[in-house]
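Student: Let's take this one label by label. For each term, I want the value and the cut-off behind it.

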Amino acid sequence: MALLEVRDLHTAFTTPAGTVNAVNGVSFNLERGKVLGIVGESGSGKSVTAYSIMQILEKNGKIVSGSIKVDGQELVGAGEKVMKTVRGNKISIIFQDPMTSLNPTYTIGHQLTEAIMLHTPRNKKQAWDRAVEMLRLVNVNEPEKRMKQYPFEFSGGMRQRVMIAMALACEPDILIADEPTTALDVTIQAQILELMQSLQKELGMAIIMITHDLGVVAQMCDEVIVMYAGSICEQGTADEIFYNPCHEYTKGLMRSIPTVNNDDEKLEPITGTPIDLLNMPAGCPFAPRCDAAMKICMRERCPRMEINEDHAAGCWVNVKKEMEGGEEA
Amino acid sequence: MSHVENLVEVKHLKEYFNISTGMFSSKPLKAVDDVSFAIRKGETLGLVGESGCGKTTVGRTLLHLYKPTAGEVWFQGKQIVTKQDIAEFRKKTAMVFQDPYSSLNPRMTVSDIIGEPLDIHKMYADKQERTEKILAMMERVGLNSEHASRYAHEFSGGQRQRIGIARSLVTNPEFVVCDEPVSALDVSIQAQVINMFDELQSKMDLTYLFIAHDLLVVRHISDRIAVMYLGKLVELADAKEIYDHPLHPYSKSLMSAVPVPDPKVARANQRVVLHGDIPSPLNAPSGCPFRTRCPYACDACAEAMPELKELSPGHFVACHRAEEIN
């Protein structure tokens, strides 16, 4: 049994302009000790997937259907009481912006001990010691002194370390990192990624890494999910996704980023603009921007197809190629 | 170097901001401290560095959006000194901003946004010429003429950035400062805009100063790259050269910190992870500003800022121990 099983998740938001189906039928498994990357552009539903797992959606958002199981325990419809025992203890989350996720009016120590006491049966003294220990774990210098300081006395990288310390204080099985380094500089990003990697090895937790940066994915992840317009278009091991992309959107993404090897060539951008979630087409959501789109792409969405045991994609172009390849053979 | 081939030259540029530290006391924040470089006609010079290193300030001071505290700016072999110089200079230069959301006035139509520089510099004889110029520019950046009467909020991020670029280029400038023009855009849109910068450069004979923190983007678009750290220029070389053989310890760690979108390369990558944070520019370390995080720092580094030396042809580096450690 996988540590986390998400099946056919649908999440929608009610807005004055209509219902936005932000997540449409997302399914994946996360095994213990693995790092899963979710990539996609803004509005692709990657963060909403994470927030659905944690059930921390905005008031107008709702899980419409589907199942989310942690260790076999169903979370959809489980109620706030159950979720309170899951959040922090089993699943923790760190957010993109370390500048706004800490309360500026309390000391770092206060905020850390508060989180620890909420989730574990420690008294104040024990929680304080645990907080100091956690700060030391995330390489914050002079943790005793830092505990008495306020967030404004911390730099961006240091605040993200505090957030990681807080998220890991109760030794969760799963850490969800929602764009954890997007707001940070490159050299600080390298520090934080390095820290997350070493902590992951040390504590053996599973990580869901949400990012739009394919470089971060290549460095961190064992498995990758590529999302577009609320659905998964492709998923597989990192090597399969990077070296054998089978969905036209993934291929387009790979062609459109500057790498070390293509700097004399022109980039091949994906034409058009990301889709409006209020006006979803009947067929494949990527079809309007896809150069290889066929008639069937406009009509019908391609179901998920296994390419090999480590790789699945839902793209008619790929199906057509397979069929043609089969005829030749 | 003669002035003929250099379109823009910056000599010992300094920009200090006074920050009040108490009721009666203030302290200079040395945002740009003694920076010199030249940009050749038709080339793209990339300027990289982390937040707070002064790269944006260099761009703005260069265009005289801030009055330089000290130093000289030369354009087409002429030093920019008087008010007239600045006015003339601004006609031939332009700037593209990072945020396509806040840099466009929501109360103005697209054609008025793009036409505003023309109004300011009085670059048309009659209304028809103005409209023609605006529409021609819109076509160049891939906007429809029907878009002219719409407002900025009706457009996506990528299209807004196109409007911003059209506004910058409508006066037919020779030199454009691009300040993080693609960092607010999605990956698939980024490539569209980067390609457009490339095309416009060859069509309109432009010279760019391209400021960005995404090193792969900068490497792709630039001919040469300059690296800044805490207000100082630490290295300047050919784009490929600086990426493949960085000489300054800071550039080394910066280049190795770039996440490469290739799992095998990423796994094999020996990263030089720096410890600690950038010091505050208000309390910059003496001598070389990088010495507090530098693995090679020695006593000499605390005493004096190293000069920018040409170590190999066209490759400049400011490090006391550059020869030793490479």
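Student: What makes strands β6 and β7 of chain B a pair?
Tutor: The count of bridges does: two strands pair if DSSP finds at least two between them. β6(B) and β7(B) (residues 175–179) share four, in the parallel sense. Four meets the cut-off, so they pair. Val96(B), for one, has Cys178(B) as its bridge partner in β7(B). The model is predicted: local features need pLDDT of at least 70, side-chain atom pairs count only at 80 or more, and totals for chains, interfaces and linings use all residues. Residues are numbered from 1 along each chain as its sequence is written, while chains are lettered from A and ligands numbered from 1 in the order written.

Student: Are the residues of β6(B) buried or exposed, and which way do they point?
Tutor: Thr93(B) and Met95(B) point one way, Ala94(B) and Val96(B) the other, and all are buried. Buried means 20 or more other C-beta atoms within 10 Å of a residue's own (exposed: 12 or fewer; partly exposed: in between; C-beta atoms are placed from the backbone).

Student: Why are β6 and β11 of chain B said to stand at the edges?
Tutor: The open sheet in chain B has eight strands, ordered β6-β7-β8-β3-β9-β10-β12-β11, with mixed pairing. β6 and β11 (309–312) of chain B each have a single partner strand, so one side of each lacks a neighbour in the sheet. The twist averages 20° from one strand to the next. Inside the sheet, β9(B) (residues 224–229) and β10(B) (residues 232–238) pair antiparallel over six bridges. Arg224(B) stands opposite Asp238(B) in β10(B).

Student: Why is α3(B) called roughly parallel to α5(B)?
Tutor: α3(B) (residues 110–121) and α5(B) (residues 157–169) pack at about 30°, with axes 7 Å apart. Roughly parallel means under 35 degrees (over 145 is roughly antiparallel, 65 to 115 roughly perpendicular, the rest oblique). The angle is under the cut-off, so α3(B) is roughly parallel to α5(B).

Student: How many residues does each chain give to the contact between chains B and A?
Tutor: Chain B gives 31 and chain A gives 38. On chain B's side, α6, α7, α9 and α10 of chain B each give two or more. α6(B) gives the most, six residues. The side of chain B that touches chain A has 16 nonpolar, nine polar and six charged residues.

Student: What makes α1(A) mostly covered?
Tutor: Seven of its nine residues are buried. Among them are Lys46(A), Val48(A), Tyr51(A) and Ile53(A). Just after α1(A), Gln55(A) takes a positive phi of about 55°.

How values were computed:
Axes fitted to C-alpha atoms, helices over the stretch in contact; angles between N-to-C directions. Contact = placed C-beta atoms within 7 Å. Nonpolar A, V, L, I, M, F, W, Y, C, P; charged D, E, K, R; others polar.
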